[in-house]
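Open the model in your viewer and keep the selection panel at hand. Follow the stops in order.

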Amino acid sequence: LLPLKPYHLTPYTLHLMSAQFHQEDDFKAKLDAGLWWKIFRRALGMKRYLIPLAIAAVTIAVCDAAYALVTRWVIDGVMREGAQAPFGHYIAVYLGITLAICTGIWVFIEMAGNLSNRLAHDIRRDSFERLQQLEFAFFDTRPVGWLISRLTSDCDRLARIISWGFLDIVWGLSLVCMIAVSLLIMNWRLGLIVLAVVPPLAVIAKFFQKRMLMSARDIRKYNSQITASYNESIQGVRTTKTLVRERENLGEFQELSTAMLAASVLNAKQNALFYPIVTTLSSVAAGLALWRGGWLTLNDSMTLGTLVAFVSFAGMFFNPINSLAQKLTEMQGAQAAGERVMGLLATDPRIKDSPAVLARLAQYRIPDSGDRKGSELSGIPNPPSDIAIDGYPARIGTIEFRDVTFRYENGPVVLQDFNLTVQAGQTIALVGPSGGGKSTIVSLVCRFYEPTAGSVLINGVDYRERSLAWLQAQLGIVLQTPHLFKGSVRENIRYGRLDATDAEVEQAARLVNAHEFITQMEQGYDSSVGEGGNRLSTGQRQLVSFARALLANPQIFVMDEATSSIDTETEQLIQRGLETIFAGRISFVIDRKSVV
């Protein structure tokens, strides 16, 4: 282990924390009923699991309470009738209760398991869908590990607490109510003595609630940061080794790990105090019942069966309370996950279609290719080929920057009163040093970001009045480091247009001069590209990405330093294919040197 300065955080660690804490610092110090209701409403849509689960919980609670009452009946019966007591009836009743409990347990395991898994599935799906909708600026300040934690552990944690927590809460509240009523009916004075332990238990629970809640949240915070650190380290392992930064990286990681260790130990200590206190109070209640009930029994003011039932109830009474307290603790920890997941689901994309655009889309729009058949069958008209889904012309004739000013969040101004008009068929080379605003211009064209001031117009119409999905469907982008998905070469090219035939895939590869190297591979177009395309050279990955972009037949084509990291031979192949790629399209080429 490396020696670390206490309370010292390196710039790297501070960067990780600043990106994640800004959404996690402003937590409330108590359970948020509104938050839990929002989460529980998702479970209400699964009534076929929720209702049987509730019935099973109540059934088990009734059976648990019935055991003590039946025991009272048996003891008092034997005391009155001796050997003539109806033992057969007693056995039958006990067997009936046992069978009911076994059935209830089977039902709740089946229902709770289904509810938990399906709820986790729905939350993960909705979270992933929302991530797909959010603008690039959202991802600029969230590390990948932070997002992965939301979609995995946080979703699972919420699903478990809703399903199994619902079971425990229904069972616990039902059993507590039945025991309390039974105690007061059998002997209200003795019942009040037992119930007198509840107020101090409530005070103790409130005392521990805030403390356990905050420590549980700290655990989740540091867990997110550790996940992000793992992701950064794995992605940058080559850089780490070439710069011999293993020792420094370990020190930075240890700071996060040590912080999580401290939070975990604190939470464990709080739990280690809370539960023994609850158990002690339970024993006190049982002792009071035995002391006072024994005196009443000796004075013939209470039957022996009633005393046994009282002692049994007194000990049993705090089992559901203990379970409820444990579930409360779990909810305190899960609330941190709930706030993050529900916060993600509630994040409203800053870049989205305006109400006016949505109104026009309602007249024409086919949401996506998968919905095309359904739209036709439902009577929604397909737009003519020369009309886009938002009712405007589908052909992009001009793109105009009109007095555009832009800055990233609270950063410095990147563009100031920028003006540019591009016609269809033109290629614009954006050449200059890093940080000069080249990628910013292209990002604004693609509407990954929107101008801080001024406007970008397509055919004279502000593109904020056009469909976002339609515009981004017209893009073909090739980056300096292209990303290929795990799968075959054919699948990666077809990613540009999923309904493309094999012949169209191969034609796109020929047009960018990628066909020759693909056919020389062991399985040709069916050869695996490996994880992230690691079985291909940089130049080969670049050619595949060109074919993929061309297959989509975009109206706007972007090359973002696409030839800056490849060999001369591959660059010449790309150069020969550029005429085909650029033909009739608006093209933007970003580089430190012009390639046009």
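How many disulfides does a search of the whole structure find? The search finds 0, a disulfide being a pair of cysteine sulfur atoms within 2.5 Å. Before selecting anything, note that this is a predicted model, in which local features need pLDDT of at least 70, side-chain atom pairs count only at pLDDT 80 or more, and totals for chains, interfaces and linings use all residues. Residues are numbered from 1 along each chain as its sequence is written, and side-chain values use heavy atoms, without hydrogens and water.

Select Cys63. Cys63 is buried, at 8% relative accessibility. (Buried means under 20% relative accessible area, exposed over 50%, partly exposed in between, with a 1.4 Å probe and protein chains only.) Now go to Cys155: buried too, at 0%.

**Cores.** Next, select Trp36, Leu53, Ile162, Phe274, Phe313 and Phe317. They touch the most other members of the largest nonpolar core, which has 71 residues. Such a core is a set of buried Ala, Val, Leu, Ile, Met, Phe, Trp, Tyr and Cys residues joined through side-chain atoms within 4.5 Å. Helices that each supply at least two residues include α3 (47-81), α6 (144-186) and α10 (246-298); helices are DSSP runs (H or I) of at least four residues, numbered from the N terminus. Then pick Ile399, Val442, Tyr449 and Phe588. These belong to a second, separate core of 33 residues.

**Surface.** Finish at Val308, in helix α11. Val308 is partly exposed, because its relative accessibility is 32%.
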